[in-house]
Amino acid sequence: MLPVAGTRPDLRSLSLDELALLVSGMGAEPYRARQLFRWLHQRGASSIEEMTDLPRAFRQRLADETRLATLSIDAVQQSSDGTRKYRLRTEDGKFIEAVYMPEESDDTEEEPAAGRGGSGDEHLRLRRTLCVSTQVGCAMGCGFCMTATMGLLRNLSAGEIADQVYRVNADLRTLGIPGERALTNLVYMGMGEPLHNYANVKRSLELLLHEEGAHFSQRHITVSTSGLVPAIDRFGEETSVKLAVSLNATTDEQREKLMPVDKKWNIAALLQAVRRFPSRQGRRVTFEYVLLRGVNDSAEDAARLAKLLEGMQVKVNLIPYNENPGLGFGDPGAERVQAFRKELTSRGVTAMIRKNRGRDIAAACGQLAVAGQPA
Ligand code: SF4
């Protein structure tokens, strides 16, 4: 659907079909739509002027009648583990964050990433993951999360979600990482609740998966949710990427305190939604479980978690909490984390301990928040 008359459409948020309509409305040759789409999503153009193989008059009409919402990199922090945290500025002056995490993959479920601008060594499973934001701030109010302290300022458009990928790819090129599309994997786990911005998230996935665009594999994109049950059902039907569910507790009493969403959709309703989630093409759901010292990290919690997940083909990612000043939660420590995992695996649950990336630059899970947003 093209945006309402009177507003200039953002080229980066339009589908190829919508670009075709726009192009034909301007009297340009039909093949220009594909050319434009490639500039926007394959080459990650940041301006209309740089699309030099489009006729000058056509570019001028695009400049007059449309807009191109492009993020700018405001600041980059580099962690000792290779993680890079980007502070990106939207055109209306809001700040969001995206986190780049390079790692050699030992996950046998993942395909080798070579060939996507990689090292060329197909035995080296180098994964270059970007964690993207979907909203400026977040309305979900999870008690352990820094982003929650911002509240929700606004949704990001589909173009703004996708553009995080293009800006970071461009930055990685300046570091000598080869290829137009250096990033191999995406996780929608930055600022915001992705399914609370459903339409724009869905559109961004279509853009990023498109073969004429960034052409990510559906197996290499994971979208996370705090548990919006009706949206999970819809997401299962309407998209093809993976889902991660942020669980973080094993009783409703406990979860309600950590995640207000549980008052609306409790653990039973959430697990039913996961059971209904289509598992075609190996689309296994992952549960995220942030371990908080003395809150949800006991052997009893692990036993209850295993019981809840009985019979489900799921995997659990254990995330040792990254302490955030003022929120009042603590890191459980390596010993408790290992013990929790052991308890789960002894009960037949596949559980991995998520490496804490970028701790020294507050880029780790639950630590994203940008202070000083303009009103
Ligand atoms: S954990 Fe996720 S859903 Fe919860 S407040 Fe933070 S960003 Fe929002």
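Student: What is the order of the strands in the open sheet?

Tutor: The order is β1-β2-β3-β4-β7-β8-β9-β10-β11-β12, an open sheet of 10 strands with mixed pairing. This is a predicted model, in which local features need pLDDT of at least 70 and side-chain atom pairs count only at pLDDT 80 or more, while totals for chains, interfaces and linings use all residues. Residues are numbered from 1 along each chain as its sequence is written. Helices are DSSP runs of H or I with at least four residues, strands are runs of E with at least two, and both are numbered from the N terminus. The chain comes to 11 helices and 12 strands.

Student: What makes β1 and β12 the edge strands?

Tutor: β1 (72–78) and β12 (350–353) each pair on one side only. Two strands pair if DSSP finds at least two bridges between them. From one strand to the next, the twist averages 25°.

Student: How do you know that β7 and β8 pair?

Tutor: The definition asks for at least two bridges, and 3 bridges join β7 (residues 185–188) to β8, the two strands running parallel. Tyr188 has Val223 of β8 as its bridge partner, and Val187 stands opposite Thr222 in β8.

Student: Which strand pairs with β8 over 4 bridges?

Tutor: That is β9 (residues 242–246), again in the parallel sense. Thr225 stands opposite Val245 in β9.

Student: Why is β8 called largely enclosed?

Tutor: A residue is buried if 20 or more other C-beta atoms lie within 10 Å of its own, exposed if 12 or fewer, and partly exposed in between, with C-beta atoms placed from the backbone. In β8 (residues 221–225), 4 of the 5 residues are buried, so the strand is largely enclosed by the rest of the structure. For the chain, buried residues make up 42% of the 375 residues.

Student: Why are α6 and α9 called roughly parallel?

Tutor: Axes are lines fitted to C-alpha atoms, for helices over the stretch in contact, and angles run from 0 to 180 degrees between N-to-C directions. Angles under 35 degrees count as roughly parallel, over 145 as roughly antiparallel, 65 to 115 as roughly perpendicular and the rest as oblique. α6 and α9 (residues 267–276) pack at about 5°, with axes 9 Å apart. That makes α6 roughly parallel to α9.

Student: Is His215 buried, exposed or partly exposed, and what of Asn248?

Tutor: His215 has 13 C-beta neighbours inside 10 Å, so it counts as partly exposed. Asn248 has 25 other C-beta atoms within 10 Å, so it is buried. His215 is in the loop between α5 and β8, and Asn248 lies in the loop between β9 and α7 (252–258).

Student: What is the phi of His215?

Tutor: His215 has a positive phi of about 55° although it is not a glycine. Asn248, also a residue other than glycine, has a positive phi near 70°.
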